[in-house]
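Let's take a walk through this structure together. Have a look at the model first, and then we'll go through it piece by piece.

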Amino acid sequence: MSAPLSWLPDTVGAAREAEILEEVRLGRHDPIRWATIRVTDRAHVLEVELPEDALKIEGVRVNVTARTAQQIADLLGCVLPTPRLVHLAYLQAAVLIYVGPRTPDATMATTATMIARSRDIDAAIAGRAGLVSQGAWKHWVLHPGATAQRAANWGWMRPDGRPWQVLSLAHNLDHTDYSQAWQCPRRRCRLDGREADLADVLRDPLLAPLVSWDGALLGVRQPGVLLAGQPFAPPAPPTAAPAPPQTWIPARNFTAASRAIADLVVLHSTEGARGRGAARAVARWFGGGAAPQASAHYVVDDDEVIACVAEDDVAWAAPGANRTGIQIELCGSARQSVSEWLAGGLLARAAELTAGICRRHQIPICKLSPEDLAGGARGITGHVDASRAFRKSDHWDPGPSFPWSTFLELVAAARAT
Ligand SMILES: [Zn+2]
């Protein structure tokens with residue numbers, strides 16, 4: 001048997017990173033065993049899966065840059081960990097090890113050192129099974145201070161629970177040495193017993209503290225890194241029965257426009273009931289004798305989609321984004337939690353509807369910020385973003401816990417079928 005990684009360049013650099021990434025793309029890394037980290041607060045139970053050990057190829061824990069770490073995470077349906085997640089993994093580890101730093105020298109980042117270091121860690125683990133305590137390597141982590149020029153690293157837990165590497169933004173995206181290994185949590189996680197996306201949890205102001213000391217994270221990727229490979233497969237749509245034929249209940253108030261194409265899909269929440277018949281009730285209100293000075297193109301609940309305004313006409317829903325938008329009202333409340341949004345068939349039904357609109361109007365499947373909207377970009381957005389961009393309303397629907405990541409993945413999946 002030849003020595004491990006004999007095909008890998010001995011010197012650190014872009015060529016070695018590319019080889020490692022390609023091995024992962026081809027599925028030639030060692031099989032990953034996943035351990036479950038459990039974290040609770042007064043309201044929620046979150047279960048996150050983390051590799052038991054650092055990522056190995058031919059039995060060697062590979063050292064990677066922040067750029068490669070993010071791209072491996074993309075390929076394997078993961079996100080970079082937060083410092084809090086690394087700390088939780090230390091607290092819940094089955095195998096406690098500590099392998100300290102080497103004296104810095106010119107061989108810090110060679111492949112020979114990578115292999116030697118990995119053998120030292122194997123010796124410390126001594127064949128024990130289960131989650132390893134993070135006591136031998138640092139993690140590239142998600143942190144609000146990371147930029148396209150600076151990556152954040154943290155970890156290497158000492159026996160007393162303090163990290164050897166406190167938070168540092170000293171490195172660029174292309175640095176690595178013997179101490180940088182890959183051990184990233186899966187995006188697919190369980191929140192209160194339901195499948196959820198860790199990226200949504202990290203973005204959610206109410207849920208993020210479960211896994212983040214820095215509160216909600218606006219970005220859940222290392223800035224400045226291109227998305228690698230195939231997109232993450234979204235959670236199976238919850239209980240979406242086949243859509244019944246769309247029902248048409250015309251709204252009373254709208255502007256006839258005969259527009260050829262729309263630029264935006266704008267999501268709203270009705271701030272009302274979401275049970276059986278909820279969408280019909282809203283549509284009848286838009287179309288009835290006591291109709292408000294408002295309307296939407298579609299109203300969606302768990303069971304059905306009701307069309308109220310033709311797509312080439314303009315509904316009255318999001319001042320500033322009416323003329324160019326297609327408005328979708330989701331039955332529910334801007335105050336509801338991620339779990340509530342994920343329950344029932346509403347999200348999957350709305351995603352299928354949105355995918356059709358994006359296909360018909362050639363709208364890109366991306367989430368627009370208020371700045372994007374103000375700049376005239378095309379894509380998918382919320383009433384809250386239109387409020388911030390155009391300052392013509394103060395509505396904040398569909399609310400801070402709307403699971404945008406999951407929704408966009410579902411739209412992309414529906415668009416592909
Ligand atoms: Zn609204």
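**A helix and what surrounds it**

Helices here are DSSP runs of H or I with at least four residues, strands are runs of E with at least two, and both are numbered from the N terminus. Before going further, some ground rules: this is a predicted model, where local features need pLDDT of at least 70, side-chain atom pairs count only at pLDDT 80 or more, and totals for chains, interfaces and linings use all residues. Residues are numbered from 1 along each chain as its sequence is written, and side-chain values use heavy atoms, with hydrogens and water left out.

Most residues other than glycine have a negative phi, and most peptide bonds are trans. R391 sits in the loop between α10 and α11. Is R391 buried or exposed? With 73% relative accessibility, R391 counts as exposed; the cut-offs are under 20% relative accessible area for buried, over 50% for exposed and partly exposed in between, using a 1.4 Å probe and protein chains only.

The loop between α10 and α11 also holds P398. A cis peptide bond joins D397 to P398, with omega at about 5°.

Now for α10 itself, which is mostly covered, with six of its eight residues buried. Those buried residues are H383, V384, D385, A386, S387 and A389. What covers them includes β12, α9 (370-374), β17 (379-382) and α11, going by contact, meaning heavy atoms within 4.5 Å.

**The zinc site**

Which residues coordinate the zinc ion? They are H268 through ND1, H383 through ND1 and D397 through OD, at 2.0 to 2.2 Å. Donors are N, O and S atoms within 2.8 Å of the metal (3.2 Å for Na, K and Ca), and sites may look incomplete because water is not among the atoms. Along the chain, the zinc donors follow the spacing H-x114-H-x13-D. H268 lies in strand β12 (residues 264-269) and H383 in helix α10 (residues 383-390), so this pair ties together parts that are 115 residues apart in sequence. Both H268 and H383 are buried.

Let's zoom out. The domain assignment gives domain 1 (14-210) and domain 2 (247-416); such bounds come from an automatic or database assignment. Taken over C-alpha atoms, the centres of domain 1 and domain 2 are 38 Å apart. Across the boundary, 15 residues of domain 1 are in contact with 11 residues of domain 2.

The largest pocket holds about 1,200 Å³ of space. Of the 42 residues lining this pocket, R203, L218, K367, W404 and S405 are the closest to its centre. On a 1 Å grid over the protein atoms alone, a pocket is an open set of points with protein on both sides within 12 Å along at least five of seven lines, a cavity is a set where a 1.4 Å probe fits but cannot get out, and lining residues have an atom within 4 Å of a point. Grid points are joined across faces, edges and corners, and a volume is the space filled by probe spheres set on the points.

Domain 1 and domain 2 each give at least three residues to the lining of the largest pocket. The biggest share, five residues, comes from α11. By class, the lining divides into 25 nonpolar, seven polar and 10 charged residues. Here Ala, Val, Leu, Ile, Met, Phe, Trp, Tyr, Cys and Pro count as nonpolar, Asp, Glu, Lys and Arg as charged, and the others, Gly among them, as polar.

How many cavities of 30 Å³ or more does a search of the whole structure find? The search finds two. The largest cavity has about 60 Å³ of space, and α4 gives the most to its lining, with four residues. The second largest cavity has a volume of about 30 Å³, and no charged residues are found in its lining.

Finally, look at Q134, in the loop between α4 (111-125) and β5 (138-141). Q134 has a positive phi, near 70°, though it is not a glycine. Q134 is buried, with a relative accessible area of 1%.
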